[in-house]
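Me: I would like to learn how to read cavities, sheets and aromatic pairs in a model. Could you take me through them one at a time?

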Amino acid sequence: MGDHYGDVKVQLGQMKSLGEDAEKEEVDPEEEMPVSSPSASPDSTGRITTGPGTDALSTNICKQKGKRGSKNPCGKPLQGFPAHAVKNFNSPICDQTLHIKGTGTILQGKTAESNGNYVHESSNTQETRCKDEFKLPRKRRPVTVDTSKAKTSLEALKLSIKELQWKQFHTGRRAACDIYWHGVSFHDNENIVSGQVNKFPGMVEMLRKINLSRAVRTMQELFPEEYDFYPRSWILPEEYQQFSTEIRMVKESDGTESPTFIVKPDGGSQGDGIYLIQDTVDLKLVVGTQAKQAVVQEYIHKPLLIDKLKFDIRLYVLIKSMQPLEIYIAKEGLTRFCTEPYQEPSQKNLSRVFMHLTNYSLNVQSGNYVHSDSQNTGSKRTLSSVLYRLAAKGVDIKRVWSDIIALVIKSVIAVLPDLKVHYQADIPPAKPGPTCFQILGFDILLMKNLKPVLLEVNSNPSMRIEHEQEVAPGVFEYVPSPVDEQVKVGVIRDTLRLMDPFNKKLTAGGGSDPVEVIPAHGDSQGRSPDNADNLPPLCLKQVYPKYTKQFNHLRLVERIAALFIRFLGVKGNMRLGPTAFRTFIRTCKLSNSNLTMASVDILYIDITRRWSFALADSREAGMGLQAFVEAFFNLAGRRFKSLALREQVVSLLDLCESHLGPQSGAEDRRSLSCSRALPRGGRTQALYLPHPRPISPAAHRRATSQDCRPHQRPKPRTLRANVEN
């Protein structure tokens, strides 16, 4: 025992000298993070006991051996462990208990018997562990965040950075930062070549009313039952005739019925320009001399009411990664109430926006708006308070929450193909650039039957944690909003925790609920000094890839987008030219007696011309992704006439992918877009094809049965199918 104690004293002396040497080194004050050294003292048995910063196991070895079968041989709670008591959350959608999983992990991998007694260790094992206990944690700089472009989210961001003990640069920084927080779009700062940005390129454009409606409509064609959460929509002015026909047919079938529709300007925000109509004569299609683009939707006339008021849900969703897809949903959200009791729409009350529209920016102007410090009252409340109230009335809120999760995942899957096209245009594979993540705001309405309906998705949801209040006649100032701060600061703080470049173990393991992951003390080395033990559990719950099996079959359009991107070339453009489209047809061997190359050219011209009129603000020539999807559906219908649309698309995808080898990078994409050469197989795996689907024998038979004669031109050497999509 004396020799062992002497060895430990030598270890302590060496550690002290190392600490003194470290203090003498020059450290950049901007990069320095203080680290406290653990204290240590021998007990009566010669075992070293340490402070709370060291290994939990060594701090709790008992002086006496416990009896087999007892959970704690000392009869005392184990010191240094995370609390075993269940932790209740103030939200019904949070997990009601925090289960500490993986006891082996918490115990630093030490062997323990199943009944809780520690296994006897040899003296060599004890000495080795004692040496490991006194290794100093590595000093490292704090995570740096550029907040110079944060705009309205700045206050919540400041609080979050302060809680994490990170470093903020509110005027920018000459050296590169780890995270850049933009206020509106990816392009707020054009000179970022590394780090992480809180916006995806193309997200602002993709979530405008018209583009979102088009993306969801495409999915409704393929999966009508899965995408019935989005109201029927018409795009104005291009679909004015279809909309007029719909209203006329409804009135002819039932003269007493007057359906109501809501008109939303394409680029509108905060409720600006939204109005209700019951007849086409009420449409405001022209502003000055210019046609006004808008989306008109069926109005949900039977919403769920609380206190006789209509309300909607603002839910915050984090897209942590696009490839592979990672989605997190905030467990707490906001509910925004109208300020006038609801009545079903009629010609007399269509203009009463405080009754029909839930937008905060509109209702805050009402004299009935109630600012409350309580999460259970007022015109803006927490989602959990509303769900608790519904649960008290017998509503199955677990089912409601499950339906909301499904709505979010399906909506993200719908817009993902276009986002990938934007991403490769701004950050091509060969170009250095940052990685991206983004917080989205989903506006969801609950119908009277508790079915959730998607109203819109905001690419730049408000993260303001204060509101304007009149403190004297004509004098306004911003005052804190406790409900906003409670929800939004948690969302931003935990988004930063998930994006921490030095903390890869926070979201351990393939879809696990991050709330249930308790990192061991030994994992603190190399991690951010955010003192995770003092922070609350993550308020963001991973839903994808956690629920991959339930939703992966919906990602068909992504496979079409992968083909589109493959034939674009390497210039970062977003439109397919006529030569590239012909190359696609030849390479995938789609031409036959029923589809000659002349027919291919006519198809390209017809679809491209129609979409050029639909996208009046587009200055680029060529075929965009949505036009390419329409052309692909057309080709699938010609080739597999006897099948339903979804089976037609799947069969054509299988056929195309069987003729393409794995994508080999920029060089092969250039050859595809500029010549008839096939890509070289076997270099790298495909970047954009997420689901492996080799062509089936049935698909081969269907393809050959459609008179697939060989083309007259010399064909390049075919490759063995090795597809990853």
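Reply: Happy to. On a 1 Å grid over the protein atoms alone, a cavity is a set of points where a 1.4 Å probe fits but cannot get out, and its lining residues have an atom within 4 Å of a point. Please note that this is a predicted model, where local features need pLDDT of at least 70, side-chain atom pairs count only at pLDDT 80 or more, and totals for chains, interfaces and linings use all residues. Residues are numbered from 1 along each chain as its sequence is written, and side-chain values use heavy atoms, with hydrogens and water left out.

Me: How many residues line the largest cavity, and which lie nearest its centre?
Reply: The lining has 19 residues, with Ile262, Lys264, Leu357, Thr358 and Leu455 nearest the centre. Two or more lining residues come from each of strand 8 (261-265), strand 12 (294-298), strand 14 (309-322), strand 19 (438-446) and strand 20 (452-458); strands here are DSSP runs (E, at least two residues) and helices are runs of H or I (at least four), numbered from the N terminus.

Me: What is the volume of the largest cavity?
Reply: A volume is the space filled by probe spheres set on the points, which are joined across faces, edges and corners. Here the value is about 250 Å³.

Me: What is the order of the strands in the open sheet of five?
Reply: Two strands pair if DSSP finds at least two bridges between them. The order is 4-3-5-6-18, with parallel pairing. Strand 4 (167-169) and strand 18 (435-436) are at the edges with a single partner strand each, so one side of each has no neighbour in the sheet. Strand 3 (residues 144-149) and strand 5 (residues 179-182) are joined by three bridges, and Val145 has Ile179 as its bridge partner in strand 5.

Me: How many aromatic pairs does the search of the whole structure find?
Reply: Rings of Phe, Tyr and Trp (its six-membered ring) pair if their centres lie within 6.5 Å; planes under 30 degrees apart are stacked, over 60 edge-to-face and the rest tilted. The search finds 15 pairs. For Phe200 and Tyr423, the centres are 6.4 Å apart and the planes at 55°, so this pair is tilted. Phe200 is in the loop between strand 6 (196-197) and helix 5 (203-206), while Tyr423 is in helix 11 (residues 397-426), 223 residues apart.

Me: Is Phe200 buried or exposed?
Reply: Buried means under 20% relative accessible area, exposed over 50%, and partly exposed in between (1.4 Å probe, protein chains only). Phe200 has 4%, so it is buried.

Notes. On a 1 Å grid over the protein atoms alone, a cavity is a set of points where a 1.4 Å probe fits but cannot get out, and a pocket is an open set with protein on both sides within 12 Å along at least five of seven lines; lining residues have an atom within 4 Å of a point.
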